[in-house]
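Subject: Handover of a structure and notes on its contents

Dear colleague,

Please find below the structure that I am handing over to you.

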Amino acid sequence: MIQALRGAFKPKTDLGTLHSPELGEVEKRWLIDCVDSGWVSTAGPFVQKFEGMLSDFTGSKHVVATSNGTAALHACLLLVGVQREHEVLVPPLTFVATANAIAYIGATPHFVDIESESLGIDPDKLEKHLKQTCQLQKGVCIHQSTGRPITALILVHVFGLAAQSHKVAEVCARYNIALIEDCAEALGTKIGTEHVGRVGMLSALSFNGNKIVTAGGGGAILTENATLAATAKHLTTTAKRPHAWEFYHDQVGYNYRLPNLNAALGCAQLSRLPRLLAAKRTLFNTYFDAFSGLECHLLKERSGTTSNYWLQTLLLPKATLEFRNQILNALTAAGIGARPAWTLLHRLPMYTNSPRAELTMAESLEPRIINLPSSARLGDDFT
Ligand SMILES: *Cc1c(COP(=O)(O)O)cnc(C)c1O
């Protein structure tokens, strides 16, 4: 495997990191402009520009920038009405932030299984689980064994692969469950010709340093609904009533504003997104060829969808955690920045008692996933 990996690139290519941002002259220029303007903090023109560029790129009608993706998810949950003692359906194979955002409200993540092609929530298993364990009472989906309402579901587009938004949305609609899409890893991912994140009532993006586009840190909320967008802006900007000089806040709001300095970096990166996406696709093809003769295989976009190929994911043949760890140790010793998938969230101490469906697919995939060095630079020298 190490030979296949090294052989795919020019000698001396740095494969030491899983993902590094691609930063250059464009980024410097926008950041200098921002500093020169004097507006580096929570007010300034780049935030609106960033929101506009994201709206153009995703086709989403409204975009509200936030301080990070976790904050965006937290706000999305509040906006669809999730409250203390509610349950929110989530996959166990995701970054911990997806479940933490639920816990911030005092609600409980309720784990449902994934499918093997996209690593997203399995719509058929979801439907079966709801049928067996829940009942609609006065239009509210009640989880029978806990008596708690299930009011939302967060669909995660893992590693840039498009999950089955439309099928999951149909199931959610039947049970009156609000659909939120976690698109933190999926900027540039499409289903047909439509960008992901437009099926759910609200969606979240992240611009953390390891994502395909970084703003240093940052996030965004996407929605088609003007009222939700206005409420999202209000809630994430300390709930201050607009006024020339008065300080009046009409509810407990959040300081989830994206600083102008971060927005400037985000704008510069977005201006390069088409080329970053092309580089990722080239890298996918390079790995795909390199591993074609071996038993393991690379996860590929489902037909009819376009992955942003943010991370290149290798699926080992039947594996145990011990076998996977041996491979990761060998790759690390060879200076290759490969990483496993996240520890499944229902195995983390704060979520071991959370309700869950059978998670057979997630549990069988966990030891088989290895993410390979995936920086855009490995697919394009950007000269
Ligand atoms: C990165 C990420 C987040 C959180 O984004 P931050 O900007 O780091 O807060 C949420 N969900 C997923 C799936 C992510 O990969």
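**Conventions**

This is a predicted model, in which local features need pLDDT of at least 70 and side-chain atom pairs count only at pLDDT 80 or more, while totals for chains, interfaces and linings use all residues. Residues are numbered from 1 along each chain as its sequence is written, and side-chain values use heavy atoms, with hydrogens and water left out.

Helices (H or I, at least four residues) and strands (E, at least two residues) are DSSP runs, numbered from the N terminus.

**The pockets**

A pocket is an open set of points on a 1 Å grid over the protein atoms alone, where a 1.4 Å probe fits and protein lies on both sides within 12 Å along at least five of seven lines; its lining residues have an atom within 4 Å of a point. Grid points are joined across faces, edges and corners, and the volume is the space filled by probe spheres set on the points.

The largest pocket has a volume of about 410 Å³. Its lining consists of 16 residues, and T42, A43, K233, T237 and R257 are those nearest the centre. Two helices, α3 (45-58) and α8 (226-236), each supply at least two residues of this lining, and α3 gives the most, with 3 residues. By class, the lining has 6 nonpolar, 6 polar and 4 charged residues. In this classification, Ala, Val, Leu, Ile, Met, Phe, Trp, Tyr, Cys and Pro count as nonpolar, Asp, Glu, Lys and Arg as charged, and the others, Gly among them, as polar.

The second largest pocket has a volume of about 270 Å³. It is lined by 15 residues, and L18, N210, W310, L311 and W342 are the closest to its centre. This lining divides into 8 nonpolar, 4 polar and 3 charged residues.

**Two residues in loops**

H19 is located in the loop between α1 (2-7) and α2 (25-37). Is H19 buried or exposed? H19 counts as buried because its relative accessible area is 14%; buried means under 20% relative accessible area, exposed over 50%, and partly exposed in between (1.4 Å probe, protein chains only).

The side chains of H19 and K280 are joined by a polar contact of 2.7 Å. Such a contact is a pair of N or O atoms within 3.5 Å; within protein, one must be able to donate a hydrogen and the other to accept it, and residues adjacent in sequence count only if both atoms are side-chain atoms. The side chain of H19 also reaches the backbone oxygen of N210, at 3.3 Å. Leaving aside neighbours within four places in sequence, H19 is in contact (heavy atoms within 4.5 Å) with N210, K211, K280, W310, L311, S374 and S375.

V80 lies in the loop between α4 (69-79) and β2 (87-90). With a relative accessibility of 18%, V80 is counted as buried. Not counting residues up to four places away in sequence, V80 touches A152, A178, I180, M201 and L202.

**Helix α5**

Helix α5 (residues 97-104) is mostly covered, with 6 of its 8 residues buried. Those residues are A97, T98, A99, N100, A101 and I102. They pack against α4, β2, β3 (108-111), β6 (148-156) and β7 (178-182). Just after α5, G106 takes a positive phi of about 90 degrees.

**Two open sheets**

Two strands pair if DSSP finds at least two bridges between them. Strand β8 (residues 190-191) is joined to β9 by 2 bridges, and K190 has H195 of β9 as its bridge partner.

Another open sheet has 4 strands in the order β12-β14-β16-β15, also with antiparallel pairing. Here β12 and β15 (339-340) stand at the edges with a single partner strand each, so one side of each has no neighbour in the sheet. Strand β14 (residues 312-315) is covered on both faces: Q312 and L314 on one side, and T313 and L315 on the other, are all buried. Between β12 (residues 297-298) and β14 there are 2 bridges, with L298 opposite L314. Between β14 and β16 (residues 369-372) there are 4 bridges, with L315 opposite I369.

Yours sincerely,
A colleague
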